[in-house]
Amino acid sequence: MALIEFINQIAFSSLQSSELNLCVMSSSKPIDLVAYGATGFTGKLACGYLAQKDAAFQGSFRWAIAGRNQTKLDVIKQSLTSNFPQLKSVDVLVADSADVDALDRMASQCKAAINFAGPYSKFAKQLVEACVKNSTHYADLSAELFWIAEMMESLGEAAEKNRCKVVHCCGFDSVPSDWTA
Ligand SMILES: NC(=O)c1ccc[n+]([C@@H]2O[C@H](COP(=O)([O-])OP(=O)(O)OC[C@H]3O[C@@H](n4cnc5c(N)ncnc54)[C@H](OP(=O)(O)O)[C@@H]3O)[C@@H](O)[C@H]2O)c1
């Protein structure tokens, strides 16, 4: 699944009745989507995309920018707000990838998280765990197959039980690794 498709199904396709969408709609969590690692190259691009979508949908979904550094996140929010003034109310969530409690708090507030903080084998395990624990859908752009196998092995059953989707390999450049696995 491509990342944009994941985002569209979660946040913007209330007319679609996919299983993923139904899971999200039934959740009572306040934030629809968190973009984690928003300060990186890819995270910034994704936030720009979300900002445009947010404008088009006139604030009918709630999303947050997230990462480990409050100051950098505030700069991202400010630059988004200069083009999209309605984003003044967008949430900013701070959690280091090693701070299990902060990740847990973040995952408990959102229906889905997209993760741009890589390398994933180094930084993402705790976030995937927090998402699975809180029944929060998760997607990333990983292509680190050994780590993906590890995640499937250790968390696959719990994810199924908690009815959340964990979708790795959502990036264009994940495809060659995925195909050759
Ligand atoms: N499959 C694909 O097609 C594809 C395409 C693009 C990227 N990617 C992958 O996506 C990931 C991001 O790429 P990028 O180019 O955007 O990287 P980048 O510009 O270096 O950004 C890395 C992000 O990770 C964050 N980060 C680093 N250490 C962290 C920690 N301990 N806790 C929380 N956040 C931390 C950084 O936060 P700070 O700003 O605070 O340092 C930053 O937001 C990489 O793993 C890359 O391989 C895959």
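Helix α3 contributes the most to the shell around the ligand, giving 3 residues. The model described here is predicted. The shell holds 24 residues, and those that come nearest to the ligand are G40, S97, G118, G171 and D173. Two elements, α3 and α6 (120-123), each give two or more residues to this shell. By class, the residues around the ligand are 9 nonpolar, 11 polar and 4 charged.

Helix α3 also packs against another helix. It spans residues 41-56, and its partner α4 spans residues 70-83. The two pack at an angle of about 35°, and their axes are 11 Å apart. Their crossing is right-handed. On the α3 side the contact is made by K44, C47 and A51, and on the α4 side by I76, L80 and N83. Sorted by class, this contact has 4 nonpolar residues, 1 polar and 1 charged.

The next element to consider is strand β2, residues 63-67. It pairs with two other strands. With β1 (residues 31-36), the pairing is parallel and runs over 4 bridges; here L33 has W63 of β2 as its bridge partner. With β3 (residues 91-94), β2 is again parallel and joined by 4 bridges, and G67 stands opposite V94 of β3.

Is β2 enclosed or open to the outside? Of its 5 residues, 5 are buried, so the strand is largely enclosed by the rest of the structure. In a regular strand, side chains alternate between the two faces of the sheet. In β2 both faces are covered: W63, I65 and G67 are buried on one side, and A64 and A66 are buried on the other.

Key: Residues are numbered from 1 along each chain as its sequence is written. This is a predicted model: local features need pLDDT of at least 70, side-chain atom pairs count only at pLDDT 80 or more; totals for chains, interfaces and linings use all residues. Axes are lines fitted to C-alpha atoms, for helices over the stretch in contact, and angles run from 0 to 180 degrees between N-to-C directions. A crossing is left-handed if the near helix is turned anticlockwise from the far one by less than a right angle, and right-handed if clockwise. Two residues are in contact if their C-beta atoms, placed from the backbone, lie within 7 Å. Ala, Val, Leu, Ile, Met, Phe, Trp, Tyr, Cys and Pro count as nonpolar, Asp, Glu, Lys and Arg as charged, and the others, Gly among them, as polar. A residue is near a molecule or strand if its C-beta atom, placed from the backbone, lies within 6 Å of it. A residue is buried if 20 or more other C-beta atoms lie within 10 Å of its own, exposed if 12 or fewer, and partly exposed in between; C-beta atoms are placed from the backbone. Two strands pair if DSSP finds at least two bridges between them.
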